[in-house]
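Please look at the sequence and the structure first, then read the points below.

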Amino acid sequence: MAAGWQQLAVAPLFFLLLLLLLSGVLTLPLGGENKRTPTCGYESCHATKPNMLNVHLVPHTHDDVGWLKTVDQYFYGDRNDIQHAGVQYILDSVVDQLLKNPDRRFIYVETAFFYRWWKRQSSGEQQTVKQLVNEGRLEFVNGGWCMSDEATTHYSAVVDQMTMGLRFLNETFGPCGRPRVAWHIDPFGHAREHASMFAQMGYDGFFFGRLDYQDRTRRMLAQEQELLWRASDSLRAANGILPNGYNPPEGFCWDQSCDDPPIRDDPDLEDYNVDDVVMRFLAIAKSQATAYKTNHIIMTMGSDFQYENANLWYKNLDKLIRYVNARQGNGSRVNVVYSTPSCYLQELHRANLTWALKTDDFFPYADSAHDFWTGYFTSRPALKRYERVSNSHLQTCNQLEVLGGPVSRNGPFGEGNSQTMKKAMAVAQHHDAVSGTEKQHVANDYARRLADGWRHCQVLVSNSLAALTGSSAKRIYCDNLNISVCPLTESSKKFSVSVYNPLARPVTWPVRLPVNGTAYTVSDAKGQPVDCQVVPVSRATREVRKNRGFAINELVFQVQAPPLGFSTYSVSLLQDGPPPAAATKHRAPTAIQNKVFTLRKSEIGTIVSLSNLETGQSISLTQNFYWYNASDGNNSESDQPSGAYIFRPNSSTPFVISQRAKTETVQNSVVQEVRQWFAPWVSQVVRLYSDSRALELEWTVGPLPIDDSLGKEVITRLDTSIKTCEMFYTDSNGREVLQRKKDFRPTWNLKQSEPIAGNYYPINSRAFIKDDKDQLTVVTDRSQGGGSIHNGSLEIMLHRRLLYDDVRGVAEPLNETSAIFPEGLVVRGRLLLSLERPPAAADAHRPLAQEAVLQPLLTFVDGGLSPDTRLEFSGLQAALPPAVHLLTLTQWDGDSVLLRLEHQFQSRESRVNSQPVTVNLQKLFSTLEVIGVSEMNLSANQWKDEMIRFAWTPQTDSEAPPPKASGDASSTWEVTLRPMEIRTFLLRVALR
């Protein structure tokens with residue numbers, strides 16, 4: 001998405017991250033790279049002139065993997081009535097033009113498109129392209145399947161999509177296909193975790209194009225548009241930022257989509273314009289140079305879907321270079337070259353300067369005083385949830401493909417694969433996909449792709465479970481359990497449910513199944529009875545599911561599943577009939593309680609306090625639902641409306657939906673819950689399971705009423721007695737936690753013009769508020785926006801329905817409806833609350849957040865199971881330590897798998913768990929024998945010991961140097977993980 005660039009200054013900023021991380025030890029490599037061809041990469045850069053201003057012209061195209069059109073429509077050039085764009089023609093044309101002049105350069109970014117184009121080329125054309133890559137004339141930058149969003153993506157999905165794209169480039173082009181720089185020119189704000197990941201992937205630098213307009217102005221004046229970005233408190237990664245814009249300078253766009261005049265260089269022509277073009281270009285170059293520290297500047301020559309007719313660009317760029325450089329004979333000190341971001345970066349490195357240091361992130365992003373891009377943190381909440389569920393499904397699919405062996409891909413249920421889901425999830429990370437900033441038909445296409453990927457994975461999962469259980473009974477998947485829909489459990493008198501746990505530690509998990517009986521028996525894998533209860537389906541659930549299910553009750557029980565394994569539970573009907581009369585109470589008690597928490601509520605049905613019985617803590621806690629009236633753009637301060645990107649409320653005071661809640665209570669041995677009804681379009685269940693260490697708030701919001709012609713942005717707000725001093729904390733892409741402060745930016749003096757939107761930040765998996773005694777952590781089930789507007793308060797935006805486009809290119813208001821919900825989208829989700837002492841809070845919220853991301857998968861079999869069916873299985877010999885998370889287990893090729901182990905605690909975050917942990921790889925798996933191991937970089941496209949990056953020096957750095965990289969000299973198989981460290985291994989394995 002590039003709309004809105006017209007509103008930037010003539011020389012919009014461009015940034016780069018200069019990345020340093022710690023190298024590990026490569027052991028028993030399974031193979032090696034060929035020696036790098038000497039003419040690609042940094043060796044292929046054109047010579048520059050040390051005593052001149054060198055202008056690096058970077059021809060490029062920015063090809064959104066879906067936005068106004070679907071991925072397919074963009075590739076083929078379909079639906080040009082929406083936007084003229086055809087990626088296949090861009091690549092055809094660029095390759096043709098690069099061959100005509102060896103000086104020309106081009107960079108390409110989105111591997112999803114290039115992969116598709118490449119498959120359609122003849123072997124001769126492929127050899128031609130390989131020659132261009134080997135000579136550095138065509139260079140890949142970034143190299144992921146897409147250019148991911150940075151606010152709403154989870155780190156695990158970003159790592160996966162980068163790995164997929166970089167693997168294709170590595171296997172197709174070898175070392176010359178490996179990008180040296182990351183390139184995020186369009187995402188709407190930038191996350192510190194992305195910089196950390198790019199460092200661990202071996203990039204020397206990270207370019208991006210958008211940052212807050214106030215920050216940009218300050219950096220231009222201070223010559224701090226190049227800087228280092230320390231992207232991790234735990235890993236001590238040094239990163240940096242760099243200059244220029246994503247579009248060409250004004251007057252120098254020579255694409256068929258542009259109106260700028262070509263260079264007319266026939267002196268016999270009346271409108272000969274070479275002198276005018278050269279003078280204007282020299283003026284722009286000299287002006288831009290005043291904001292930068294070296295005698296090198298970069299200009300991006302291209303934009304969205306440009307170069308479909310590359311001859312227009314290259315013919316004029318050839319002339320521009322020739323005529324500007326010709327002025328050197330008359331004393332000009334400007335030298336222009338075709339270049340790439342990596343060549344420009346190399347010149348910065350050669351300058352051997354010191355650079356400003358940054359340790360926070362680049363959120364929130366505003367391009368004007370009233371234009372904060374904080375709405376997309378929540379936009380399309382249903383799609384955001386579906387993407388998060390799909391990520392969990394994909395990890396389960398990947399794991400079972402490994403644990404089940406080859407039969408998982410071709411077994412009793414047919415041919416299954418994980419690749420379709422991997423591609424769908426990779427595309428969904430695009431900065432106009434999970435961000436919610438696409439047109440409606442494109443959002444539908446992303447969801448369709450995820451659904452199609454899950455269908456392919458279901459076959460694989462069924463095959464794998466058949467192999468692991470010894471039973472080929474048909475497995476049923478119920479994807480709508482959150483709205484109490486599962487045809488099998490609604491009608492069957494006897495069935496089994498298998499619970500697969502994708503985490504590397506055992507979990508206890510609540511199961512709620514739609515049923516029509518009033519009494520059931522449940523037994524575990526050992527035949528022992530399990531406590532279960534039947535409760536009536538709530539009114540809110542009946543309304544949201546409509547006619548998709550007909551269960552009148554829910555069967556509720558808690559299950560336990562072993563690490564990376566499954567446990568099977570048998571369910572039998574005892575009694576049919578209506579819901580039990582005493583299951584719900586309308587005269588609700590004033591409190592619900594389990595072994596850990598007591599929650600008290602008021603006479604008007606709302607929460608008033610929360611206590612932790614183990615720690616003796618108690619805080620006042622009130623929670624309610626509110627809505628901000630979205631600006632329609634019709635006011636004196638600004639004509640900016642709220643939209644898919646922009647959050648702009650008309651007032652700093654939201655409207656309360658209802659002061660009171662109608663309630664009914666369910667209390668039994670398994671669960672205690674208060675069902676609250678605030679309005680026809682807002683309800684909630686406050687829930688405590690007997691063994692839970694978190695309070696669950698299951699909210700249902702929608703359809704948002706618009707008959708009053710007012711757009712609405714719905715929040716829930718938690719107001720507490722915690723003394724926050726205007727501070728709160730949010731995660732970065734689901735990993736490290738950053739401190740936030742109201743109306744404050746660490747690197748510049750903020751002039752706040754939007755007191756609500758300007759204090760919103762992305763919440764990917766958790767946020768918390770704390771003081772010396774208490775910490776209240778909220779774990780989310782999808783990416784959302786939120787802030788702490790008042791002391792002791794935390795608000796999270798749940799849903800948005802808007803009536804105006806925000807003029808950023810989508811040309812649609814964010815007004816979601818569907819065939820099921822023609823009156824407006826209804827969204828359901830969960831917040832998990834944890835109250836702990838601050839020193840121990842991470843010990844609770846770290847595993848809680850992982851459980852929310854990687855949820856158990858339930859599969860069902862009708863009737864009884866054969867006696868020889870294996871009912872329980874773990875893929876691990878033992879659970880991993882609490883600090884260690886198994887991030888990735890996926891098939892790489894025939895006899896090798898890719899494994900990522902992660903230390904999931906930050907330094908000094910936990911007295912117990914913020915310590916190095918050692919794992920033995922040979923003692924890890926129960927069914928796999930590890931016979932070889934090679935350590936790789938995070939994206940698995942380089943051997944770890946061959947990953948060498950540029951070193952950069954900060955101007956000031958009072959922090960101690962990082963500890964030495966993890967080394968395992970004592971044993972090939974012993975792997976030590978330090979706080980926040982991710983280590984990636986290619987394992988050669990054999991089934992035991």
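C343 is buried, with a relative accessible area of 5%; buried means under 20% relative accessible area, exposed over 50%, and partly exposed in between, with a 1.4 Å probe and protein chains only. The model is predicted, so local features need pLDDT of at least 70 and side-chain atom pairs count only at pLDDT 80 or more, while totals for chains, interfaces and linings use all residues. Residues are numbered from 1 along each chain as its sequence is written, and side-chain values use heavy atoms, with hydrogens and water left out.

**Disulfides overall**

- The structure holds 5 disulfides, a disulfide being a pair of cysteine sulfur atoms within 2.5 Å.
- Counting the bonded cysteines along the chain, the pattern of the disulfides is 1-3, 2-6, 4-5, 7-8, 9-10.

**C45 and C343**

- C343 is joined to C45 by a disulfide, with 2.0 Å from S to S.
- This link of C45 and C343 is left-handed, with -90° about the S-S bond.
- The pair links distant parts of the chain, 298 residues apart: C45 is in the segment before strand 1 (53-59), and C343 is in helix 10 (residues 341-351).
- Helices (H or I, at least four residues) and strands (E, at least two) are DSSP runs, numbered from the N terminus.
- C45 also counts as buried, at 18% relative accessibility.

**C397 and C457**

- A disulfide with an S to S distance of 2.2 Å joins C397 to C457.
- The link of C397 and C457 is left-handed, with -95° about the S-S bond.
- C397 is buried, with a relative accessible area of 0%, and C457 counts as buried at 0% relative accessibility.

**C478 and C486**

- C478 and C486 are joined by a disulfide, with 2.0 Å from S to S.
- With 45° about the S-S bond, the link of C478 and C486 is right-handed.
- C478 counts as buried at 11% relative accessibility, and C486 counts as buried at 0%.

**Other cysteines**

- C532 is in no disulfide, and the nearest cysteine sulfur, that of C486, is 16 Å away.
- At 16% relative accessibility, C532 counts as buried.
- C725 is exposed, with a relative accessible area of 56%.
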